[in-house]
Amino acid sequence: MYIVIVGGGEVGYYLGKALLDEGHEILIVEKDSQRIDFITNELGSVCFRGDGCEVATLAQVGTNRADMLIAVTAHDEDNLIACQLAKHKFNVPHTIARIRNPKNERLFKRLGIDVTVSSTNIILEYILS
């Protein structure tokens, strides 16, 4: 499966590493050149310098052939835009967005994001169960 990951921070890095270990083809889109150097040294040539919220960047990384796009930047609005572009411009079948503010979860669902992940809500579920 070809998976585009937008955001090469800690979450994007460890997610990419796990997906590579499972045999998936991945590409991490990241803006920060130092972070790209780190990921490249650790995982190989699986990183692309660019903005995952820009159509041109997503086109360059082959988003049109991706089976899934996962947006895990630190900014909810960037994750929403990346997923919406993937879904509506590039016809990516599955999108997953990290959400930092749990209040945004309903909006993301309403706007067609397939899966949302809110660490706050996940922790609350364990506490309340």
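This is a predicted model: local features need pLDDT of at least 70, side-chain atom pairs count only at pLDDT 80 or more; totals for chains, interfaces and linings use all residues.

**Entry 1: what I'm looking at**

**Entry 2: the largest nonpolar core**
I started with the core and asked which residues touch the most other members. Val-4 and Leu-69 do, out of the 21 residues in the largest nonpolar core. I then listed the elements that give two or more residues to this core: β1 (2-6), β2 (25-30), β4 (68-71), α4 (76-88) and β5 (94-99). Of these, α4 gives the most, with five residues.

I looked up Leu-69 next, skipping residues up to four places away in sequence. Its contacts include Val-4 and Val-6. Leu-69 also touches Leu-58, Thr-63, Ala-82, Cys-83 and Ala-86. Further along the chain, I found Val-92, His-94, Thr-95 and Ile-96 on the list for Leu-69.

**Entry 3: helix α4**
How far apart are the end C-alpha atoms of α4? They are 18 Å apart, and the 13 residues at 1.5 Å a residue should span 18 Å, so the two agree.

Then I went through its buried residues. Asp-76, Asp-78, Asn-79 and Lys-87 are on that list, along with Leu-80, Ala-82, Cys-83, Leu-85 and Ala-86. I also asked what the buried residues of α4 pack against. My list reads β1, α3, β4, β5 and α5 (105-110).

**Entry 4: cysteines**
How many disulfides does the structure hold? I got zero. For Cys-47, the nearest cysteine sulfur is that of Cys-53, 15 Å away, and Cys-47 is in no disulfide. Cys-47 is buried, because its relative accessible area is 17% and the cut-off is under 20%.

I needed the cut-off here: the two sulfur atoms would have to be within 2.5 Å. Cys-53 counts as buried too, at 18% relative accessibility.

**Entry 5: aromatic rings**
I searched the whole structure for aromatic pairs and came back with two. Tyr-13 and Tyr-14 form an edge-to-face pair, 4.8 Å centre to centre with 70° between the planes. Is each of these tyrosines buried or exposed? Tyr-13 is buried, at a relative accessible area of 6%, while Tyr-14 counts as exposed at 51%.

Tyr-13 also pairs with Phe-38, and that pair is tilted: 5.2 Å between centres and 55° between planes. It links distant parts of the chain, with Tyr-13 in helix α1 and Phe-38 in helix α2 (residues 33-43), 25 residues apart. Phe-38 counts as partly exposed, at 34% relative accessibility. I wrote down Tyr-13, Tyr-14 and Phe-38 as a cluster linked by ring pairs.

The charged end of Arg-65 sits over the ring of Tyr-2, 3.9 Å from the ring centre.

**Entry 6: single residues**
I looked up Thr-57, which is placed in helix α3 (residues 55-60). Thr-57 is buried, at a relative accessible area of 6%. Leaving aside neighbours within four places in sequence, I found Thr-57 in contact with Val-29, Phe-48, Gly-50 and Asp-51.

Asp-21 is in helix α1 (residues 10-21) and is exposed, with a relative accessible area of 59%. I took one distance from there: the C-alpha atoms of Asp-21 and Ile-36 are separated by 19 Å, for residues 15 apart along the chain.

Last one: Asn-91. What is its phi near? I have it near 55°, a positive value in a residue other than glycine. Most residues other than glycine have a negative phi. Asn-91 sits in the loop between α4 and β5, and it is exposed, with a relative accessible area of 62%.

Note on methods
Residues are numbered from 1 along each chain as its sequence is written. Side-chain values use heavy atoms; hydrogens and water are left out. Helices (H or I, at least four residues) and strands (E, at least two) are DSSP runs, numbered from the N terminus. Buried means under 20% relative accessible area, exposed over 50%, partly exposed in between (1.4 Å probe, protein chains only). Contact means heavy atoms within 4.5 Å. A nonpolar core is a set of buried Ala, Val, Leu, Ile, Met, Phe, Trp, Tyr and Cys residues joined through side-chain atoms within 4.5 Å. The expected span of a helix is 1.5 Å times one less than its number of residues. Rings of Phe, Tyr and Trp (its six-membered ring) pair if their centres lie within 6.5 Å; planes under 30 degrees apart count as stacked, over 60 as edge-to-face and the rest as tilted. A charge sits over a ring if NZ of Lys or CZ of Arg is within 6 Å of the ring centre and within 35 degrees of the ring normal.
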